[in-house]
Amino acid sequence: MSAPAEVLAVRGLSKSFPGVRALDDVDLTLRPGEVHALIGENGAGKSTLIKLLTGVHRPDAGEITFQGRKVSFGTPLEAQKASISTIYQEVNLIPLLSVARNLFLGREPRNRLGLLDFARMHREAAETLRTYGVRVDVRQPLRTLGVGAQQMVALARAVATDARIVIMDEPTSSLEPREVETLFSVIRRLRDDGIAVVYVSHRLDELYAVCDTVTVLRDGRRVHHGPLAGLDRLALVSTMLGRELGEVRTEGVTKFAGDHRIADSQPVLDAEGLTVPHKLHGVSVRIRPGEVVGLGGLLGSGRTETAKAISGALPVRSGNVTVAGVPLRGGSTAAAIRAGISLLPEDRKSEGIVPGLSVRENIALAALPRLSRFGLVSEARLDRIVDTFVKRLRIKASSPHQKVGELSGGNQQKVLLARWLAMTPKVLLLDEPTRGIDVGAKAEVQKLVDELAADGLGVLLISSDLEELIEGSDRVVVLKDGAVVGELTGDDVTEDELMRTIAGDVPAPDVAKGVTTDG
Amino acid sequence: MAEATLHTAPLDKARLLQWLQTYGVYAGVALLLVVNTVITPHFLSAENFRTQAVQVAPVIIVALGMALVIGTEGVDLSVGAVMALAASVTALYLGYGLLPALLVVALFAAGAGLANGALVALVGVQPIVATLALMVGGRGLALVLLPQLKDLHNPGLASLGSGDIAGIPYLILIAAALALLIAFVVRRTTFGRRLLAIGDSRPAAQLAGLPVRRVLIVVYVLSALLAAVAGVLATARLQASDPTSLGNLMELSAITAVVVGGTPLSGGRVNIGGTVAGAVLIQLLTATLIKHDLPPSWTQIAQAIVIVCAVYAARGRGKR
Amino acid sequence: MRRTHRPHLLARPALVVVAAAVVLAASGCAKSEDDVSDSDKSSSAAEAGQKVVTPKPGSKSCTIEAYGGRKLDLKKGATVGFSQSEKEANPFRIAETKSLKDEASRRGVKLLTANAQSQFSKQISDVQDLLAKGVDLLVIAPLNSDGWDPALKAAAAKKVPVITIDRKINATACKDYVSFIASDFVEQGRRAADQMIKATGGKGEVAILLGSAGNNVTTERTKGFKEAIAKKAPGLKVVFQQTGDFTREKGQQVTEQLIQSKPGIKGIYAENDEMGLGAVAALKGAGKKAGDIKIVTVDGTRSAVQGVVDGWISGVIESNPRFGPLAFQTLDTFTKGEKVPQDIIIQDSAYTPDNAQQDLGKAY
């Protein structure tokens with residue numbers, strides 16, 4: 001293949017924020033039809049680079065050449081008009097408008113009278129979305145769709161607007177595997193159409209599956225660039241982390257050590273027949289002290305709902321939860337927390353942290369009653385607890401008084417873990433504990449889960465990262481459409497087995513037996 | 001993502017805005033004091049400061065409750081109506097003596113607060129709608145109970161309104177004590193911390209096991225009780241119960257004081273010192289214009305400018 | 001949140017019941033300070049009101065032929081409708097409605113009343129209701145000056161003569177309505193000025209507590225006062241005018257500011273009694289003695305006249321709310337077929353230290 005002219009050339013781009021050199025003399029070239037991986041740990045400068053390319057920020061130095069012309073985008077709109085489309089991690093469409101309106105926003109088909117041609121819009125929207133594997137009523141408001149489907153709408157919209165470059169910022173973080181496959185086929189189609197794609201992701205599998213070239217950023221500098229094929233996975237990780245190859249290898253891909261010593265006593269958590277209308281149909285999960293039970297399944301299979309039902313955050317129609325032999329009553333989060341159940345929610349930013357409060361306040365939030373006397377907070381005891389956990393979890397903040405909203409994702413997650421560990425729980429429900437956090441923090445969180453299990457906690461682990469789920473769990477309970485469809489134990493805890501169970505390739509196991517059999 | 005390290009303000013302008021939001025209100029008060037000292041005759045007198053403090057005391061007391069409600073990302077539009085209700089109930093029960101009357105006022109206020117809190121916390125009505133109901137209904141009830149202005153002659157009530165300790169009127173002492181109390185509640189109690197957490201992120205507070213409903217209800221009850229205190233004090237000062245006009249537009253004055261004082265409407269933060277200063281700023285501004293006999297419309301324009309400045313300064317912080 | 005709808009729906013009837021219960025409970029066992037002394041108030045006031053008419057020189061008159069109605073005898077079973085604008089929560093409205101009711105029963109005329117509760121749309125439908133009920137004559141105390149077309153057309157269709165009291169309607173007299181009866185607010189201002197001049201000796205600085213901004217009563221009472229001051233007492237200077245919004249509380253607050261920034265002030269003209277009483281409260285609070293600063297007010301409520309008796313207020317110009325006798329007399333004359341003036345000005349009296357004590361019973 002002859003090398004076509006560059007569609008985008010970035011030279012010596014630099015950007016500083018007070019106190020931080022976010023981007024330092026970075027180059028980047030994109031050719032038509034190239035899928036370019038942009039990777040780096042949190043804080044490496046990926047987001048800053050994207051924001052410079054899309055006109056959110058202006059560079060301090062350096063130049064951007066787009067289709068042979070020097071450009072300087074003042075606003076995101078200008079970048080969009082110049083045919084650079086961006087798909088963000090969080091969908092930024094209008095939730096209350098219909099799916100079709102969102103898809104055609106700003107370029108609605110009109111009839112002869114100049115009015116919106118809804119019939120045509122709905123027809124075309126349905127057709128377009130079908131090619132993305134999304135089959136929905138396009139007249140529904142966007143927010144009625146799942147996050148994955150919304151993401152596909154955003155993608156369809158970005159691609160449809162004559163983009164020359166599509167930037168995807170962690171597009172798969174809320175997609176399920178089938179949707180990821182669809183996304184990849186769309187990306188391949190874009191490549192064939194000569195559109196350049198910048199692909200940002202934490203998931204190495206995806207990069208190898210779809211990207212041609214890679215740029216690795218670290219601390220605001222470009223530390224590696226070139227073709228991805230032939231580049232060793234561990235070498236890539238070591239470049240990102242800036243660590244020696246041997247060191248990374250000995251640590252494995254995840255930080256999980258493997259099997260835990262599981263007490264052969266009564267279960268610390270016994271959830272029986274949890275039923276929530278339209279969501280869960282008699283889900284049962286049993287965890288013994290020291291055991292990490294994985295909850296597998298696709299997006300929407302009821303994993304998050306199971307965790308929320310156990311923790312009292314989702315009212316159940318029927319079913320019981322027993323903690324260390326004591327039945328849980330009341331069905332409120334407060335009651336579950338008192339009984340020793342702690343939930344690390346999936347949506348860290350809106351359901352986990354209290355962004356405007358300090359690290360200190362966030363850690364102490366759930367434990368306030370035990371840190372208070374007559375409703376007055378004992379600052380000394382609070383400081384002691386906070387100090388202990390900041391050290392133990394190595395939370396990186398300028399001070400305990402820094403707002404949690406200003407921390408990196410990994411440190412936010414650690415603050416949440418600290419909040420729950422301060423309650424000395426018996427059961428930890430971890431819903432996507434490492435989503436969207438950098439590799440280093442991810443490893444620390446994984447190691448911590450191991451340690452907690454070793455201390456005798458029961459852990460329920462939900463992760464859409466299959467490697468993490470398989471390596472971290474002693475057993476995996478597999479959900480499909482709100483019901484348990486199987487359980488992997490012992491040597492069967494593998495990705496292959498999991499996929500086959502999800503896909504339904506194995507003859508459906510006796511569900512009741514599968515749950516009660518010890519692994 | 002973490003690249004946008006927000007804790008180091010990216011621009012000098014942003015830093016200025018942040019400074020303005022935190023300290024702008026104090027600077028404004030200081031500026032008005034200096035300007036008045038120069039241009040207003042008889043400004044530097046104990047009597048004048050006493051007047052300003054006495055006039056602003058009810059606003060401060062109401063604004064304290066409003067600050068708590070706004071801290072939970074709510075708003076209480078019914079405070080003016082609760083003041084009127086307190087005024088008419090005071091007049092209605094004064095025949096039993098001052099203390100029994102005040103107890104009945106407290107009961108009514110607590111009932112109003114419970115109604116607001118229940119609508120917001122249990123039924124899930126938006127605060128602005130829930131309290132709007134009582135804003136209209138509360139004054140209606142006040143007027144049904146006492147259809148027209150009534151002069152009051154209770155000596156206890158009169159001394160509450162105009163008495164003093166060592167030259168400092170009771171009104172000022174009560175407002176100061178309440179401000180200290182509320183500041184203490186916000187800073188040092190579990191209730192205060194929970195209130196802020198709920199205001200910042202209600203789902204997170206819920207999942208962290210906080211008694212969200214209870215805290216919200218208590219906040220609205222506190223707001224109503226504080227409004228009732230202000231209503232009784234204003235009535236005592238006037239020595240007449242005037243449910244038709246007492247507390248009219250008080251909700252707006254209180255919200256203005258809170259917002260100008262640097263408490264964001266988005267909840268999660270309560271600035272009590274700023275709220276007090278915000279009320280004082282508006283009072284001084286009004287007094288300045290009145291003392292110089294400028295047209296009343298100027299007062300409104302000046303207030304609008306202060307609010308716009310406050311909102312502009314708050315903008316810098318609003319984006320997290 | 002999902003369970004919220006039902007309680008919400010149930011809440012409405014429940015709320016009404018609760019509200020009713022609250023009112024009953026609250027007023028049932030209430031005991032205000034001077035429940036006993038309240039009763040003597042109304043007795044003497046009843047007949048005190050109706051005064052002389054002073055037809056404006058050169059003002060036009062109206063006859064039933066010109067208007068196009070039919071003659072009738074008020075004494076023989078006529079029904080009169082009265083549409084009140086605001087609820088009877090202030091002394092003026094209370095006295096106004098009472099005056100019409102008393103006069104109707106004195107003359108043996110059947111009176112139907114309606115109250116718009118300060119909602120203009122309600123007042124229009126009130127008038128239409130009264131017409132539907134078959135009233136022969138209409139007395140309206142309008143809430144607004146504009147927007148009366150539908151109501152007046154309905155009255156004209158039934159050939160029902162309309163008289164408006166205390167506020168004028170923007171329409172043609174003797175065509176859309178018969179006459180307008182009211183006080184002359186400018187004149188009230190002039191007479192207040194006379195009182196002020198008398199009290200202060202015509203020298204020094206005075207302040208005005210204005211009524212609500214944008215209200216014609218405010219503008220006219222200010223205009224009359226300033227005109228008269230300029231003409232009769234050039235030594236008197238208006239150095240301060242701030243709004244007290246017609247309320248006692250604002251009157252008090254503004255006066256507190258005033259007496260500190262202008263300690264030399266000699267007099268305060270309050271454009272209604274409530275603000276004047278607020279000013280009195282402010283003076284008392286500042287440790288002043290009765291008569292230190294001369295206060296003149298307009299309205300003639302009992303509390304203000306009592307203030308004159310006590311020496312805190314130097315004069316109260318009455319704004320007469322007792323339209324009953326004059327309205328019925330006008331209707332009577334008109335329906336008999338005689339001429340009536342299109343603009344009728346009520347004679348307002350005044351309360352000064354000389355007559356306040358004996359006329360206290362006349363105050364409303």
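Me: Where in chain B is confidence lowest, and where is it highest?
Reply: This is a predicted model, in which local features need pLDDT of at least 70, side-chain atom pairs count only at pLDDT 80 or more, and totals for chains, interfaces and linings use all residues. The pLDDT is the predictor's confidence in each residue, from 0 to 100, and chain B averages 89, with 94% of the residues scoring at least 70. Helices (H or I, at least four residues) and strands (E, at least two) are DSSP runs, numbered from the N terminus. In chain B, confidence is lowest in helix α13 (residues 296–318), at a mean of 75, and highest in α10(B), at 96.

Me: Over which residues of chain B is the pLDDT below 50?
Reply: Residues are numbered from 1 along each chain as its sequence is written, while chains are lettered from A and ligands numbered from 1 in the order in which they are written. Where pLDDT is low, the predicted coordinates should not be read in detail. The stretch in question has 28 contacts (C-beta atoms, placed from the backbone, within 7 Å) beyond near neighbours in sequence, and it comprises residues 1–9.

Me: How many residues of chain B are in contact with chain C?
Reply: On the side of chain B that touches chain C, α2 (46–71), α3 (79–93), α5 (127–145), α10 (212–238) and α12 (272–291) each supply at least two residues. The partner surface on chain C consists of 37 residues, and the number from chain B is 41.

Me: Within what arc do the buried residues of α6(C) fall?
Reply: In helix α6 (residues 149–157) of chain C, C:A151, C:L152 and C:A155 are buried, whereas C:P150, C:K153 and C:A157 on the other side are exposed. The cover over the buried residues includes α5 (120–132), β4 (137–140) and β5 (162–165) of chain C. Seen down the axis of α6(C), the buried residues line one face of the helix, because the directions from the axis to their C-beta atoms fall within an arc of 95 degrees.

How values were computed:
Contact = placed C-beta atoms within 7 Å. Buried ≥ 20, exposed ≤ 12 C-beta atoms within 10 Å, placed from the backbone.
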